[in-house]
Amino acid sequence: MSARQTQMLEREAIANRPKHWVRLVTACNSKCLFCLDTDTPRNVYLPVEEIKQEILRGREELGAWKVILSGGEAALHPQYVDIIRYAKEVGYGRIQTVTNGWRYADKAFFDACMEAGLQELTFSLHGHTKELHERMTAHPGSFDRIVKGIVRAKRHPSRPIVSIDVCINKQ
């Protein structure tokens, strides 16, 4: 087996390690037609101390190796970068986020997240064309920004894991 194949298998094994989902916000800058949270109160930003308690509970009580920061759009939390840094400080082996990619198009924001310890990004891409993606997200400009975020992540020297979530639909 080649070194590349070994490395790939090691990265895939991460999926089987204990993980802990932590919601930071219900806020989102998209209005996806299929969103499961449409009946959830929008624009809620959970207090950072509550978030930190939940992150710590995942490590200490649940033995989670990986934390997944989610929302809404987790990157909208005003203390998002500090939350990533905290998750690293308490000993998570992998820090992941699920994102619509909007903020990751901004280089300074992206670099701050990488420096804080973000290691895995799951981008929510909902169409193979700009028109379809933006129809599904009801967010003009979202396709170009998510593509820019994906490219930025794929080119970053730290080589974060990059994946894509897609909701299959009739469109």
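From the N terminus on, the elements of the protein follow the order α-β-α-β-α-β-α-β-α-α-β, which amounts to six helices and five strands. Helices (H or I, at least four residues) and strands (E, at least two) are DSSP runs, numbered from the N terminus. The model is predicted: local features need pLDDT of at least 70 and side-chain atom pairs count only at pLDDT 80 or more, while totals for chains, interfaces and linings use all residues. Residues are numbered from 1 along each chain as its sequence is written, and side-chain values use heavy atoms, with hydrogens and water left out.

The radius of gyration, taken over C-alpha atoms, is compared with a globule rule of 2.2 Å times the number of residues to the power 0.38. For 171 residues a compact globule would have a value near 16 Å, and the protein, at 16 Å, agrees with this. Its C-alpha atoms fill a box of roughly 45 × 40 × 30 Å along the principal axes. Of the 171 residues, 44% are buried; buried means under 20% relative accessible area, exposed over 50%, and partly exposed in between (1.4 Å probe, protein chains only). Contact means heavy atoms within 4.5 Å. Among contacts between residues at least 6 apart in sequence, 73% join residues at least 24 apart.

The largest nonpolar core contains 34 residues. Such a core is a set of buried Ala, Val, Leu, Ile, Met, Phe, Trp, Tyr and Cys residues joined through side-chain atoms within 4.5 Å. The residues with the most contacts inside this core are L24, I55, L69, Y80, Y104 and L118. At least two core residues come from each of α2 (48-60), β2 (66-70), α3 (80-89), α4 (107-116), β4 (120-124) and α6 (142-155). Helix α3 gives the most, with six residues. Leaving aside neighbours within four places in sequence, L69 is in contact with V22, L24, I55, A74, Y80, I83, I84, I95, Q96, T97 and V98.

In helix α5 (residues 130-137), the residues L132, H133, E134, M136 and T137 are buried. The buried residues of α5 pack against β4 and α6. Helix α5 is followed by A138, which has a positive phi, near 50°.

P41 lies in the loop between β1 (19-23) and α2. P41 counts as exposed because its relative accessibility is 59%. The C-alpha atoms of P41 and S30 are separated by 14 Å, the two residues being 11 residues apart along the chain.
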